[in-house]
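Please read them with the coordinates open.

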Amino acid sequence: MKCRKCGAKAAIHMRQHKLALCADHFRRWIPSQTQRTIEKYDMFESRDRLLVAVSGGKDSLALWDVLLDLGYHADGLYLDLGIDAGEYSKLSRSYCEAFARSRDQRLIIMRVSDQLGVSIPDAARITRRGRDKPCSICGLAKRHLMNRTALEERYDVLVTGHNLDDEAATLFGNTLNWQVGYLKRQGPVLEERPGFVRKAKPFCRIYERETAAYALLRGIDYVYKECPYADGAKSIYYKEKLNQMERERPGIKLSFYLSFLRAKRDMQFVEREAQPGFNTCPDCGSPTSSDGYCAFCRVKARISQPSEALERNS
Amino acid sequence: MSATLRLRDQRFEVRHGMTVRSAMLALVLEPDAYLATRDGELITDDEILREGEEIRLIAVISGGSGSSSEVWQ
């Protein structure tokens, strides 16, 4: 197969676009597609300060690389979750640090245990949230700490490496379970609101296979080993099912996501009632829909006084 | 002689002369979930497997940390 641009030997074939490219043209194609997505969804501008949430995986490091290549001011934020007795997190962190060093960029490192008192797996055990799967509490802590850090450090936009497969899998899961509240809020951008920084996903139209290919072709070292808690995760199950469909119908993942965005644009997911107002958490000051503490601080309280909190909830 | 597909520490022997894609499908590996490299170079999956060579497959699916399964806020 030959590159459509120059006729050289192709390195990747993107069936959904009926496009094959050589390594050189693909390395240029990803930043140009990312820039188009940034502009299409009005994500941010060149004067904005961006904070990229990096995990050490291919998507977030590839995104950081692309944003720097495009000339954006983009710093990194790594959250040390304390996974696998700290070993998995230590490995992930080392890739983020190496990347930041090689590009001479600022990387903010935050240990979840400094904020929560314990690591994510311990927090899941103590609070009995998620049992042996700490994914739920991990998501909660990451959303809270990333948002808070971006606000405290005065960044304009928090940027994440969610790719098309992530978005399609989320959409698939939320549709199967008719999670209408989540469907209303899913999109390439979440607007800034009091207490919430603006969030954007510049890779939302790029397949996961392509972010991996880009990382490989750019020589970006990333943590290849999967999170030990990912085994059996629903998001991976949905991705596998979508890939089976993609084999028969190239482009089905992309059209699933884009037709959803069109439906949203055409007001198919309109809010019927006004969104509830947010209160301010008396501990950390974050917005919360509850009357008292925010979800993160409630988890923190249960960790510091587990027996008391458990008694209250029994 | 045959060709080998290597995925992490697993090695699968397949017939040479078939395409990488056909070999993956024969092994019940979803082509969209992998990249293939020959001698460190990324290749498309219509490449014909050569006798005695080893092709490395790179799994691309990740997730499960909560970052992709829930919507922000």
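1. A definition first. A nonpolar core here is a set of buried Ala, Val, Leu, Ile, Met, Phe, Trp, Tyr and Cys residues joined through C-beta atoms within 7 Å. Note also that the model is predicted.

2. The largest nonpolar core has 97 residues. Which of them touch the most other members? They are L50(A), V52(A), I120(A), A141(A) and L158(A). Helix α6 of chain A, residues 135-152, supplies the largest share of this core, with eight residues.

3. Leaving out residues up to four places away in sequence, V52(A) touches S60(A), L63(A), W64(A) and L67(A), among others. The list also includes A74(A), G76(A), L77(A) and V159(A).

4. Now the interface. On the chain B side, 24 residues are in contact with 45 residues of chain A. The chain B residues that touch chain A divide into 10 nonpolar, 10 polar and four charged.

5. Check the backbone at K18(A). Its phi is near 50 degrees, a positive value in a residue other than glycine. K18(A) sits in the loop between β1 (12-14) and β2 (19-21) of chain A. Buried or exposed? K18(A) is exposed, because 10 other C-beta atoms lie within 10 Å and the cut-off for exposed is 12 or fewer.

6. Phi of R154(A) is near 60 degrees, a positive value, and the residue is other than glycine. R154(A) lies in the loop between α6 and β6 (157-159) of chain A. R154(A) has 9 C-beta neighbours inside 10 Å, so R154(A) counts as exposed.

Technical notes. Residues numbered from 1 in each chain as written. Chains lettered and ligands numbered in written order. Predicted model: local features only at pLDDT ≥ 70, side-chain atom pairs only at ≥ 80, totals over all residues. Contact = placed C-beta atoms within 7 Å. Nonpolar A, V, L, I, M, F, W, Y, C, P; charged D, E, K, R; others polar. Buried ≥ 20, exposed ≤ 12 C-beta atoms within 10 Å, placed from the backbone. Helix = DSSP H or I, 4+ residues; strand = E, 2+ residues; numbered from the N terminus.
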